Amino acid sequence: MRIDHLNMSVTDLAASISWYGELFGFAVVERGVLEDGRPWAIIRADDALLAMYEYPERELLDGDLLKSRQVHGLNHFGLTIEEPERWLKKAKSMGVEIQYNGVIKWPHSRAWYINDPSRW
């Protein structure tokens, strides 16, 4: 079993598509407009799918705000990077801020924490 997709709202769909495409190689595989006129897209990189819906007016509930409101939610998601050194160079060239002073070594993985365009 594997996760099929992650569904998320974004502040600017075009910016998010571009950012995930440039940094991680995602490409649009489907797009449309909801009945209320809001655009959406599904992007893919290998087996990873992200479904994104544009809601510029929504408030971001990050991990700290979720805790303060005692609300459950998704704190972050992780992507497997095949060539971490090349990816890190690309992220730095794009001005992506790496959180927590760089790599975090977990028992079964290495992680870099970053914010996407909806969290800037």
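Select W87. Setting aside neighbours within four places in sequence, W87 is in contact (heavy atoms within 4.5 Å) with L23, F24, I81, I98, W112 and I114. This is a predicted model, where local features need pLDDT of at least 70, side-chain atom pairs count only at pLDDT 80 or more, and totals for chains, interfaces and linings use all residues. Residues are numbered from 1 along each chain as its sequence is written, and side-chain values use heavy atoms, with hydrogens and water left out.

Now select α1, residues 13-24. Helices here are DSSP runs (H or I, at least four residues), and strands are E runs of at least two, numbered from the N terminus. Colour L13, S16, I17, W19, Y20, L23 and F24: these are the buried residues of α1 (under 20% relative accessible area, 1.4 Å probe, protein chains only). They cover an arc of only 170° around the axis, so they sit on the same side of α1. The arc uses directions from the helix axis to the C-beta atoms. Their packing partners are β1 (6-10), β2 (27-33), β3 (39-45), β4 (48-54) and α3 (84-93).

Finish at the helix ends. D12 caps the N-terminal end of α1, with a side-chain oxygen 3.1 Å from the backbone nitrogen of A14. Just after α1, G25 has a positive phi of about 80°.

Technical notes. Expected span 1.5 Å × (residues − 1). Buried < 20%, exposed > 50% of the residue type's maximum accessible area, 1.4 Å probe, protein only. Polar contact = N/O pair within 3.5 Å; in protein donor to acceptor, adjacent residues only side chain to side chain.
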